[in-house]
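Follow along with the model beside you.

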Amino acid sequence: MNKTDRLHHITTFLRSRRRTTLAELLAETGASRATLMRDLAWLRDELNHPIHWDRETQCYHWRASGQAEDAPEELAGLWFKPSEVLALLTLEHLLREIQPGDLMQRHLQPLEQRLKKILRQSGLDNATAHQLSERIRVIGLGQRRVPPQSFETVGLALSQRRRLAVQYQARGSGEHTERTVSPQRLVYYRSNWLLDAWCHKRNELRSFSLDTIRKPVVMNEPAIDVDTEELNQTLGNGYGIFSGKAVQWATLRFTPERARWVAAEQWHPEQKGEWDAQGHWVLQIPYSDDRELVMDILRHTPEVDVLAPPALRAVVVKKMREGLSRWGV
């Protein structure tokens with residue numbers, strides 16, 4: 001049997017018995033003593049399998065060594081190919097780049113070290129994993145900095161299901177307020193972090209930009225839980241971060257030249273798109289607040305036309321005229 005089959009067979013055999021002698025393992029696997037000892041060392045030292053040698057009984061036991069808070073847990077039957085390990089290391093690198101502070105990093109670092117050990121055992125040197133940081137580049141356009149301590153405090157309240165007291169500055173009005181919120185979920189949107197939460201001051205669901213939250217404090221009161229369906233209907237139905245339950249549909253038509261890019265993009269999970277006879281891309285998007293949608297339409301002007309609704313078309317035309325007036329055109 002090959003190494004993967006043999007390792008799986010050893011773990012299955014050890015787990016099925018209270019105690020196992022070396023002779024029984026040799027007979028069961030058909031491996032040499034040296035090979036078996038290497039396999040046992042690999043399972044115990046590299047994968048943290050709870051394999052213990054009892055000197056008194058001269059037997060191997062499969063048992064947890066203790067109940068420490070950070071004691072490893074088994075992922076039974078999970079084996080990684082080198083390509084899969086590289087994929088996991090890539091994911092770890094991406095998480096490190098988009099997440100401020102060490103909320104997850106201190107837990108991911110031991111996993112990264114173990115994955116690198118698996119890579120070395122698979123015949124890939126340390127440089128392979130190290131070069132990932134040189135080969136992967138994460139560019140956050142328009143990214144707004146979130147203080148690491150704020151991110152970690154919000155994450156703690158979210159995971160422990162406790163209320164959060166914050167000082168919040170509304171970006172639109174500039175108003176400073178003190179809020180108590182029940183965190184529901186973190187959202188990473190367009191290179192920035194948002195917190196969907198129930199605002200106890202306004203008695204409604206709101207999305208808060210994490211970079212505008214100051215001095216967050218985890219409270220003793222338990223957070224209220226909002227049903228996922230209601231959360232999605234209120235904050236997830238419309239276009240962008242300006243959401244609401246009242247949804248209408250925008251119809252946009254892009255020129256054939258711009259359509260080559262836009263047709264491959266997802267503007268909204270529920271969007272509908274089709275090609276017309278002239279090669280234009282006609283895109284339909286649900287929205288409840290037009291502010292962010294108008295900004296994206298202007299970004300594609302003049303290669304886009306707003307076909308419906310008339311109110312949205314009027315807002316876009318007004319913004320274009322205001323811009324020309326400001327430039328003195």
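**Entry 1: confidence.** The chain has a mean pLDDT of 83, and 77% of its residues come out at 70 or more. Which elements sit at the two ends of the scale? I found helix α6, residues 126-130, with the lowest mean pLDDT among the elements, 63. Strand β11, residues 304-308, has the highest, 97. I also noted residues 67-77, where the pLDDT is below 50. Leaving out near neighbours in sequence, that stretch has six contacts in the model. A reminder to myself: low pLDDT means the predicted coordinates should not be read in detail.

**Entry 2: the overall chain.** I listed the elements next and got twelve helices and eleven strands. The chain has 329 residues, of which 34% count as buried. I then looked at contacts between residues at least 6 apart in sequence. Of these, 58% join residues at least 24 apart.

**Entry 3: the nonpolar cores.** Nonpolar side chains in soluble globular proteins tend to be buried together. I went looking for such groups here. The largest nonpolar core holds 18 residues. Which residues have the most contacts inside it? They are Leu252, Phe254, Trp267, Leu293, Ile297 and Leu312. Two or more residues each come from β8 (248-254), α10 (256-262), β10 (281-287), α11 (291-300), β11 and α12 (310-326). The most come from β10, which gives four.

I picked Leu252 to follow its neighbours, skipping residues up to four places away in sequence. Leu252 touches Trp267, Trp281, Val282, Leu283, Ile285, Ile297, Val304, Asp305 and Val306.

**Entry 4: helix α2 against helix α3.** To describe two packed helices, one gives the angle between their axes and the distance between the axes. On the α2 side I wrote down Leu22, Leu25, Leu26 and Thr29. On the α3 side they meet Arg33, Leu36, Met37 and Leu40. By class, the contact of α2 with α3 has six nonpolar residues, one polar and one charged.

**Entry 5: helix α1 against helix α3.** I repeated the exercise with α1, which packs on α3 at an angle of about 75°. The axes of α1 and α3 are 11 Å apart. That angle makes α1 roughly perpendicular to α3. From α1, the contact uses Lys3, Arg6, Leu7, Ile10, Thr11 and Leu14. From α3 come Thr35, Leu36, Asp39, Leu40, Trp42 and Leu43. I sorted the residues of the α1 and α3 contact into seven nonpolar, two polar and three charged.

**Entry 6: a stop at His9.** His9 is in helix α1, residues 3-15. Is His9 buried, partly exposed or exposed? Its relative accessibility is 26%, so His9 counts as partly exposed. Not counting residues up to four places away in sequence, His9 touches Met1, Glu28 and Thr29. I also checked His9 with Leu25, 16 residues apart along the chain. Their C-alpha atoms are separated by 9.8 Å.

**Entry 7: backbone details.** Most peptide bonds are trans, and most residues other than glycine have a negative phi. I searched for exceptions and noted these. The peptide bond from Thr301 to Pro302 is cis, with omega near 10°. Pro302 is in the loop between α11 and β11. Ala308 and Pro309 are also joined by a cis peptide bond, with omega about -5°. Pro309 is in the loop between β11 and α12.

Where did I find positive phi values? Arg190 has a phi near 50° and lies in the loop between β4 (176-189) and β5 (192-199). With 43% relative accessibility, Arg190 counts as partly exposed. Asn203 has a positive phi of about 55° and belongs to the loop between β5 and β6 (204-209). Its relative accessibility is 55%, so Asn203 counts as exposed.

Key
Residues numbered from 1 in each chain as written. Predicted model: local features only at pLDDT ≥ 70, side-chain atom pairs only at ≥ 80, totals over all residues. Heavy atoms only, no water. pLDDT = per-residue confidence, 0-100. Contact = heavy atoms within 4.5 Å. Core = buried A, V, L, I, M, F, W, Y, C linked by side-chain atoms within 4.5 Å. Buried < 20%, exposed > 50% of the residue type's maximum accessible area, 1.4 Å probe, protein only. Nonpolar A, V, L, I, M, F, W, Y, C, P; charged D, E, K, R; others polar. Axes fitted to C-alpha atoms, helices over the stretch in contact; angles between N-to-C directions. Parallel < 35°, antiparallel > 145°, perpendicular 65-115°, else oblique.
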